[in-house]
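Please open the model in your viewer and keep the selection tool at hand. The stops below say what to select next and what is there.

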Amino acid sequence: MIENAIVTTWTHSSYNDVWPMYYGQYEKMAPFFKHCMIINEKSASVPEYCSQIENNENDPFYKRLIESLNQVEQDIILFSLEDFILYDHVNESNISEMVKYLDESSYDFIRLIRSGIDEGQTGPSKLIEKKLNLYEVPFNCQYLYCLQAALWKKESLIRHFNSYKPKNFYESELKGSDAARESKLKGLFTWNNDELCRGDFVANHSNSSVFPFMSSALHGASYGKASKWQTSLYREKLKPLFKKYNIDPNVRGEC
């Protein structure tokens, strides 16, 4: 069990059909994590080992998130969404070492995937820690901040959202990188020459051998549309999981 970090999942009760797959895959692929869920209303459908932090969905996004994070005991969180579905075993040793490294460093976060990095724009990423394959997210990167699975110093994430106070989920990412530069946020990402993930809606990200997850299994909500299963990108990974967790993809639809 990784004692000094916790998976902190932002979700909504309307995604309760996704939770069995999300938590079921954690139980199989990464049973060593503690869990808490940030949700609009508490639910009996959540596993007993996952604590629930309720927020008021009538409040702006930043307020809901900050007030919820202030109730998390751990100083390091793995910030996640309910559709970041694991599809292979997580490297516990590497994650544990990353938690320790982040806690003792001057960095604010470690992104668990190489995402949004355009070296044609920013130049080659600087290798900071060779053993853990940690590279610095370029300060001039278009996506200095993005909603990907990442280890965060909790106080850094709170400070970040409090600096620009995004009203909704979409605005948090749209304005997040400029806000991160203004507050001089510093981040790393892990990359072990993992292959590029290709699909209809991919924004330049690779797969992750340390934390193998779908980024993301659903598509649409961030653009004000209905969330559908992103089978155009993850068909081979999702198909056996639909069967395992008795999920009919036609209910949400596919894209």
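Begin by selecting helices H2 and H5, whose crossing is left-handed, a term used when the near helix is turned anticlockwise from the far one by less than a right angle. Helix H2 covers residues 61–69 and helix H5 residues 154–164, and their axes come within 10 Å and cross at roughly 160 degrees; that makes H2 roughly antiparallel to H5, the word for angles over 145 degrees. Axes here are lines fitted to C-alpha atoms, for helices over the stretch in contact, with angles running from 0 to 180 degrees between N-to-C directions. Helices (H or I, at least four residues) and strands (E, at least two) are DSSP runs, numbered from the N terminus.

This is a predicted model, in which local features need pLDDT of at least 70 and side-chain atom pairs count only at pLDDT 80 or more, while totals for chains, interfaces and linings use all residues. Residues are numbered from 1 along each chain as its sequence is written, and side-chain values use heavy atoms, with hydrogens and water left out.

Next, select Phe33, which together with Phe211 touches the most other members of the largest nonpolar core, a set of 83 residues. Such a core consists of buried Ala, Val, Leu, Ile, Met, Phe, Trp, Tyr and Cys residues joined through side-chain atoms within 4.5 Å, where buried means under 20% relative accessible area and exposed over 50%, with a 1.4 Å probe and protein chains only. Not counting residues up to four places away in sequence, Phe33 touches Met1, Ile2, Val7, Tyr26, Leu78, Val90, Ile95 and Phe211, contact meaning heavy atoms within 4.5 Å.

Then move to helix H1, of whose 11 residues eight are buried, including Trp19, Tyr23 and Met29. Among the elements that cover these buried residues are strand E1 (5–10), strand E4 (76–81) and helix H8 (231–244).

Now select Asp108, in the loop between helix H3 (92–104) and strand E5 (109–111), which is buried with a relative accessible area of 7%. Leaving aside neighbours within four places in sequence, the contacts of Asp108 include Trp152, Arg159 and Lys184.

Lys184 itself has a positive phi of about 60 degrees although it is not a glycine, and Lys184 is exposed, with a relative accessible area of 60%.

Finish at Ser215 and Ser216, which are joined by a cis peptide bond with omega of about 0 degrees; Ser216 is in the loop between strand E9 (187–190) and strand E10 (218–219).

How values were computed
Parallel < 35°, antiparallel > 145°, perpendicular 65-115°, else oblique.
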